Amino acid sequence: MDSLHIFAPATVANVAAGFDILGFALNAPGDEITIRKTDTPGITIHNKTEFASMPLAPEKNTAGVALQAYLQHLGSEQGFEITFLKKIKPGSGIGSSAASSAAAVFGANELLGRPLERKDLVQFAMQGEKLASGSAHADNVAPALMGGFVLVRSYNPLDLVTIPVPENLYASVIHPQIELKTEDSRRVLRKQILLKDAVVQWGNTAGLIAGLFKGDYELIGRSLQDVIIEPIRSLLIPGFEAIKTAALQAGALGCSISGSGPSIFTLSTSEDTAQTVAKAMQQMCSQQGIESEIHVSPINTQGPRIVQ
């Protein structure tokens, strides 16, 4: 094979209390790229995305940086050409840069005969996240590459744990049409937190993981609480509290900010409930005078895939 068309999924990171350590993948939306082996070394990038510009220099492009790190690790001088057909809007809070980086390293790994496993590709995709936000976090790129829920137990050394997905768990995501840059959302965070808040957060993180393993929807709902990050970042999202209240009243298990925002996610126990929740959030967003996009999806357990 000399060329592949790759789909890589959008992702929800942080998942309430799991700041920088927990994320999950969606079925839609996602990024699509075409990646092709070239006869000469180096990476060439083209952009056919209608709604977004991007740097075409590999060292300034998240996918380019990730692919460079991957090739350097292999000691390979194979050249590649990447053409972007992005479907995730940058700054949406559902892993736009992560999907691009994941698609690039996944596609290259496929074309080179799969010398590495998917989980081993995460460290290279993280370099794209470092370029995008200043922090090499894995809670988007890990589920984008591995699918499902992924826990980052440790960053040094990188230790990734896949978490079971309960049957009939659905996500609703609303993207208010405002843009928040990840680096700006990280800049507003406090550098120190109170011990009492940390204890609550640890309990919620552990409760969410336990709820996913047990398939205990009530425990999942009780644990989707963020007392450290959400109170600060929610101030950057107009109408957040009203949208969250509407989602919970419509039957969502829980609701919080997706990644660095402005997207907001919920989890529900059926597709019907997830659709109802999405409509309730969008209606409330409209009442705030803000246009929005909604996505309803089961948890994507596959990760990237080759598109025929």
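How many cavities of 30 Å³ or more does the structure hold? The structure holds 1 such cavity, where a cavity is a set of points, on a 1 Å grid over the protein atoms alone, at which a 1.4 Å probe fits but cannot get out. The model is predicted, so that local features need pLDDT of at least 70 and side-chain atom pairs count only at pLDDT 80 or more, whereas totals for chains, interfaces and linings use all residues. Residues are numbered from 1 along each chain as its sequence is written, and side-chain values use heavy atoms, with hydrogens and water left out.

Residues 64–148 are 58% helix and 8% strand, with the end C-alpha atoms 25 Å apart. For residues 209–286 the figures are 55% helix and 12% strand, and the end C-alpha atoms lie 34 Å apart. Helices (H or I, at least four residues) and strands (E, at least two) are DSSP runs, numbered from the N terminus.

## The four-stranded sheet

An open sheet of 4 strands has the order β8-β9-β7-β10, with antiparallel pairing; two strands pair if DSSP finds at least two bridges between them. The edge strands, each pairing on one side only, are β8 and β10 (292–298). On average, neighbouring strands of this sheet are turned by 20 degrees against each other, direction ignored.

Strand β7 (residues 170–176) pairs with strand β9 (residues 264–268) in the antiparallel sense over 5 bridges, and Ile-174 stands opposite Ile-264 in β9. Helix α9 (residues 240–249) touches β7, β8 and β9, and its direction makes about 155 degrees with that of β8. Helix α10 (residues 271–287) touches β7, β9 and β10, and its direction makes about 15 degrees with that of β7. Axes are lines fitted to C-alpha atoms, for helices over the stretch in contact, and angles run from 0 to 180 degrees between N-to-C directions.

β8 and β9 run antiparallel and are joined by 4 bridges; the bridge partner of Gly-254 in β9 is Leu-267. These two strands form a hairpin with 6 residues between them, and Gly-259 in the turn has a positive phi of about 60 degrees. The loop between β8 and β9 also contains Pro-262, and the peptide bond from Gly-261 to Pro-262 is cis, with omega near 5 degrees.

Val-15 is not a glycine, yet has a positive phi of about 50 degrees. Val-15 is located in the loop between β1 (3–13) and β2.

## Cavity and pockets

A pocket is an open set of grid points with protein on both sides within 12 Å along at least five of seven lines, and lining residues have an atom within 4 Å of a point. Grid points are joined across faces, edges and corners, and a volume is the space filled by probe spheres set on the points. In the classes below, Ala, Val, Leu, Ile, Met, Phe, Trp, Tyr, Cys and Pro count as nonpolar, Asp, Glu, Lys and Arg as charged, and the others, Gly among them, as polar.

| Space | Volume | Lining by class |
|---|---|---|
| Largest cavity | about 40 Å³ | 3 nonpolar, 3 polar, 3 charged residues |
| Largest pocket | about 700 Å³ | 11 nonpolar, 18 polar, 10 charged residues |
| Second largest pocket | about 270 Å³ | 10 nonpolar, 2 polar, 3 charged residues |

The largest cavity is lined by Asn-14, Ala-16, Asp-226, Ile-229, Glu-230, Arg-233, Ser-256, Ile-257 and Gly-259. The elements that give two or more residues to this lining are α8 (230–233) and β8 (254–257).

The largest pocket is lined by 39 residues, of which Thr-62, Pro-90, Gly-91, Ser-97 and Ala-132 are the closest to its centre. Helices α2 (96–111), α3 (118–133) and α5 (182–187) each supply at least two lining residues, and the largest share, 4 residues, comes from α3.

The second largest pocket is lined by 15 residues; Phe-19, Ile-193, Gln-201, Ile-228 and Ile-229 lie nearest its centre. Helix α6 (residues 195–214) gives the most to the lining of this pocket, with 4 residues.

Notes:
Contact = heavy atoms within 4.5 Å.
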